[in-house]
2 protein chains.
Amino acid sequence: MSTLTAQEQVLREVRNQIASGVLKAGQQVKQDTLATELGVSRVPLREALKVLEGEGQVVYHPHRGYFVADLSVSDLVEVYRIRALLEEEALTVAIPMMTDEDVDFIEEMSNDVRIASVSGDVSAITAANRRFHFAMFECSNMPRLVRIIRTLWDSTDAYRSVYMSSTINLEHMNDEHAQMVAALRQRDVETSIRLQATHRENSVMAVSKVISR
Amino acid sequence: MSTLTAQEQVLREVRNQIASGVLKAGQQVKQDTLATELGVSRVPLREALKVLEGEGQVVYHPHRGYFVADLSVSDLVEVYRIRALLEEEALTVAIPMMTDEDVDFIEEMSNDVRIASVSGDVSAITAANRRFHFAMFECSNMPRLVRIIRTLWDSTDAYRSVYMSSTINLEHMNDEHAQMVAALRQRDVETSIRLQATHRENSVMAVSKVISR
DNA sequence: AAAGAACCAATTGGATACAATCGGGGAATG
DNA sequence: CATTCCCCGATTGTATCCAATTGGTTCTTT
């Protein structure tokens, strides 16, 4: 059984707090306060904050501390534009390389998403959704590319969960996933990319409504 | 005058050590040893390593430590492929938005590169070269995009300096820069992108020869 | 009263000390 | 001889403590 290090737990927790708005945009992260609150010392917290800095979730000013970055709508659009470029590349490379077993696996993942959808557990759905999409990306054998895409997902994870809490959105999502798997079966790069694109569009629209409150 | 924090100094130093091969690929970074060597404690070193982890320069295994990532030729090709996608996007957005002052500024930067080239100071050349290219990218007003591109540059900075130590390469480079500025003057997106692409090709070829030793 | 200097509280930056974990080497076992 | 188990040293992970920096406040000066 793997015991998670404090920095890993803290990283997840702080991500959630930023996502859920407990830590508000622009606000300074008071290390001592937050560390105490999380039941750890400042050292692992600081390491977690460095990771978040690398992801652009917080900005760091030496001797002044870490501040929660605010994700404006234009930031969001930018993130999704970059995702579009990189995910298109990933799929273009990945699909021709996929074995039948790969596609089977991806289909399993999509079934997991559907199962999670029924349960209504939002964090389970988002996790399963990630596994589905990254199962595709991973087939590209471009680890650095996948890494960057993952970072981009991380930086908007919080907001995406909003999208996932609507039943009607979930239905659409599962339909799109099914269509995608069908396209993969035929190694139809063009259709897959188009589906992935509309998938993103839907999500960015939903999320930007949430942000611009 | 600004006093650099230890983590910032350490970050630069460790980057150089990875780049120059003092820290070899695959090797574990022994924190205590390295920290002592750099005259600091392990805390700032660990924070620097977290940044490098985010850049993919080192990989982290909990309870086992940080290991220098090895940059294979295929990694290099991947990095340059991603750069191609993102830099093309940056220029496509940036060029139509450029004011005459922006182009003037970029031209100045290209002159700086030429001046540095004469001096033969490799680190000065690479720094000036970066300023030139990022002066263009920055005009896109896409901070996250520029950030990612910068990270990609960081992860191959070390190797690029090899390219910069050859006089003949430097001549080519300065020629290409001049052509690029000319294309920018006319807001010729297509030509600029093509030039930027050949620029990258030249560099990736030179660097992969170095790596595959 | 406005401008500047000098202090001070709050907060971060870093060093040291201690706890937890891992991998390897050797003993025990088949 | 191969294999498993256990222990221990090396190394990392975290807590605590102290130093350094910052921004704001107050006091002084003109």
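The model I am reading is predicted.

**Entry one: two helices of chain A.** I looked up helix α8 (residues 157-164) of chain A and helix α10 (residues 189-211) of chain A; their axes come within 9 Å and cross at roughly 105°. I therefore note α8(A) and α10(A) as roughly perpendicular to each other. From α8(A), the residues A:Tyr159, A:Arg160, A:Val162 and A:Tyr163 take part in the contact. On the α10(A) side I list A:Asn202, A:Ser203, A:Ala206, A:Val207, A:Val210 and A:Ile211. I sorted the residues of this contact into 7 nonpolar, 2 polar and 1 charged.

I find 76 residues in the largest nonpolar core. Those with the most contacts inside it are A:Leu86, A:Met98, B:Leu86 and B:Met98. I then followed A:Leu86, leaving aside its neighbours within four places in sequence. In chain A, A:Leu86 is in contact with A:Leu145, A:Ile148, A:Ile149 and A:Leu152.

**Entry three: aromatic rings.** My search of the whole structure gave 6 aromatic pairs over all chains. One of them is B:Phe134 with B:Phe137, an edge-to-face pair at 5.2 Å centre to centre with 90° between the planes. I place both residues in helix α6 (residues 122-138) of chain B, 3 residues apart, about one turn of the helix. Are B:Phe134 and B:Phe137 buried or exposed? B:Phe134 has a relative accessible area of 5%, so I call B:Phe134 buried. B:Phe137, at 0% relative accessibility, also counts as buried.

Technical notes:
Residues numbered from 1 in each chain as written. Chains lettered and ligands numbered in written order. Predicted model: local features only at pLDDT ≥ 70, side-chain atom pairs only at ≥ 80, totals over all residues. Heavy atoms only, no water. Axes fitted to C-alpha atoms, helices over the stretch in contact; angles between N-to-C directions. Helix = DSSP H or I, 4+ residues; strand = E, 2+ residues; numbered from the N terminus. Parallel < 35°, antiparallel > 145°, perpendicular 65-115°, else oblique. Contact = heavy atoms within 4.5 Å. Nonpolar A, V, L, I, M, F, W, Y, C, P; charged D, E, K, R; others polar. Core = buried A, V, L, I, M, F, W, Y, C linked by side-chain atoms within 4.5 Å. Buried < 20%, exposed > 50% of the residue type's maximum accessible area, 1.4 Å probe, protein only. Phe/Tyr/Trp six-rings, centres within 6.5 Å; stacked < 30°, edge-to-face > 60°.
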